[in-house]
Amino acid sequence: MTRTTGRLSLAAALLLPLATACGGAAGADDGNTVTVTVGYQSKTINTVTAGTLLRSLGYFEEELAARGKKDGKTYEVKWQDYATGAPITAQMTTGKIDIGSMGDFPLLINAARGKQLKQPTRLVSVTGYNLRGGLNTVVTAPGSKLRSLADLRGRKVSTSIGSAADGTLIRALEKAGIDPEKGVRKLNQQPSVGASALAGGSIDALSQFVAWPGQLAYEGKAKALYDGADLNLPTFHGVTVREEFAEERAGVLDDFLAAQRRATDHLRERPVAAAESVAKETGLPAEAVYLYNGAHGIATFDPALRPELIDALKKDVPILAKAGLVRDVDVDAFVDPEPLRRAARAPAYPKVEAGDAKSELWLKGRDSTRTYDTPKKLLAAVAAAKKSGVRAAYVPDALTGTLWFADRAVWVADGSDLRAFVTPSHAKTYVGQHAGARVVGYADALELAS
């Protein structure tokens, strides 16, 4: 598929109703029963508090049942699952989805298409974020000889055009001095298709959003080439709602946001249980879910529309405009903080800074993890527990703070200290700045720590 064809096909997917759309208008009221349709991405686990986890907990249905007792109506929720944000936008612009969740780039396309097709939408909350951009990663096959983003020049790279991961790829290539349009052969593919292409050897790299890179790394099917946190620009997923629905069903929207807050509380208070639940619902490995959604995971879950996230969204507009996916987006008009203020029932969560992550060990048979102050202490605990007793071990990148699997990280011995990195380029940068530091294998790192 050519770049032009990929761009046109994306636009068509966003502009035209889907053939598989459910019949009838969303938010419909037949006099006694009100139907609310929610579009979500079950495997995009940065949205679980407005999708997969929320659905499994039943909190939205509980909030609506309480409303029904007061107004005598029956409320029904229809959940529609998609792989990316584009089809959710397509359904919203035809009035067939009321509330949807998606990444920052798709949110902007959602705003642009909604305005264009006279079905305006509003951004009303955030699901999860990473202040440095670590939710998106470029990965290669395990045996690939590519060592840095610069090595992608002239290579085939799969991504989902218009997605948050595509945005990361574009910015990263530009930063590396590579033309995003001409410097690589970009293929517009669904995440699952790209993952299969990587395994089959028909592409050189895959740029995708949570949880694909972590899942593939955990399964031994990929290794990280580029950490999105190198951009040091926030990335997030959020909740968008049709403006007409928000005005006509303000109370229902309040219930959704209240339910999202409850799901967020659950995830923050019981991260292992939440990861197990999401894994059961999606078929994803719980260990990969926890990499992102855990106590020190790559994603921070908080519905707040933080100023730094909105500022980052504004910086995304020129990227999408240059790619021809939007003309312009009035971000300030798109963001609507009032529903979240209305629905707030608890104090704000404390802000989590990039780099706050700690090393974590998840032992088999345990419903909680152990944290360690240093990667070396984690490795000592892993060695003591032996492989048979370890479910997963996580370490933060010494440069960006991005959490990664300890056995998939690149390790550096620096005197008596041990440091972990997501990518070979990070390790190379560190070694170049520290005389005597050297890259070591995971088995050697374990031995040095024990």
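In this predicted model, strand β1 (residues 33–40) runs parallel to β2, and eight bridges join the two; within that pairing, Thr 37 has Lys 78 of β2 as its bridge partner. Both strands belong to an open sheet of six strands with mixed pairing, whose order is β2-β1-β3-β10-β4-β11. Because β2 (74–81) and β11 each have a single partner strand, they stand at the edges, and one side of each is left without a neighbour in the sheet.

Strand β4 (residues 121–130) is mostly covered, with ten of its ten residues buried.

| Strand pair | Bridges | Direction | Example of bridge partners |
|---|---|---|---|
| β1 (residues 33–40) and β2 | eight | parallel | Thr 37 and Lys 78 |
| β4 and β10 (residues 235–242) | seven | antiparallel | Tyr 129 and Phe 236 |
| β4 and β11 (residues 300–301) | two | antiparallel | Gly 128 and Phe 301 |

Helix α5 lies across β3 (99–103), β4 and β10 of this sheet, and runs at about 130° to β3. The helix (residues 104–116) also packs against helix α6 (residues 164–175), at an angle of about 110° and with the axes 6 Å apart, which makes α5 roughly perpendicular to α6. In this contact, Asp 104, Phe 105 and Pro 106 of α5 meet Ala 164, Gly 167 and Arg 171 of α6; by class, the residues comprise three nonpolar, one polar and two charged.

Another open sheet is built from five strands in the order β7-β6-β8-β5-β9, again with mixed pairing. Its edge strands are β7 (185–188) and β9 (223–227), each of which pairs on one side only, and the twist from one strand to the next averages 30°. Within this sheet, strand β6 (residues 156–159) runs parallel to strand β8 (residues 205–209) and is joined to β8 by two bridges, with Val 157 standing opposite Ala 205.

Once neighbours within four places in sequence are set aside, the contacts of Trp 411 include Pro 375, Leu 379, Val 395, Leu 418, Arg 438 and Tyr 442.

A cis peptide bond, with omega of about 10°, joins Val 210 and Ala 211, and Ala 211 is found in the loop between β8 and α8 (212–218). Although Lys 118 is not a glycine, its phi is positive, at about 60°; Lys 118 lies in the loop between α5 and β4 and is exposed, with a relative accessible area of 72%. Asn 232, likewise a residue other than glycine, has a positive phi near 55°; Asn 232 is placed in the loop between β9 and β10 and is partly exposed, with a relative accessible area of 48%.

Key
Residues are numbered from 1 along each chain as its sequence is written. This is a predicted model: local features need pLDDT of at least 70, side-chain atom pairs count only at pLDDT 80 or more; totals for chains, interfaces and linings use all residues. Side-chain values use heavy atoms; hydrogens and water are left out. Axes are lines fitted to C-alpha atoms, for helices over the stretch in contact, and angles run from 0 to 180 degrees between N-to-C directions. Helices (H or I, at least four residues) and strands (E, at least two) are DSSP runs, numbered from the N terminus. Angles under 35 degrees count as roughly parallel, over 145 as roughly antiparallel, 65 to 115 as roughly perpendicular and the rest as oblique. Contact means heavy atoms within 4.5 Å. Ala, Val, Leu, Ile, Met, Phe, Trp, Tyr, Cys and Pro count as nonpolar, Asp, Glu, Lys and Arg as charged, and the others, Gly among them, as polar. Buried means under 20% relative accessible area, exposed over 50%, partly exposed in between (1.4 Å probe, protein chains only). Two strands pair if DSSP finds at least two bridges between them.
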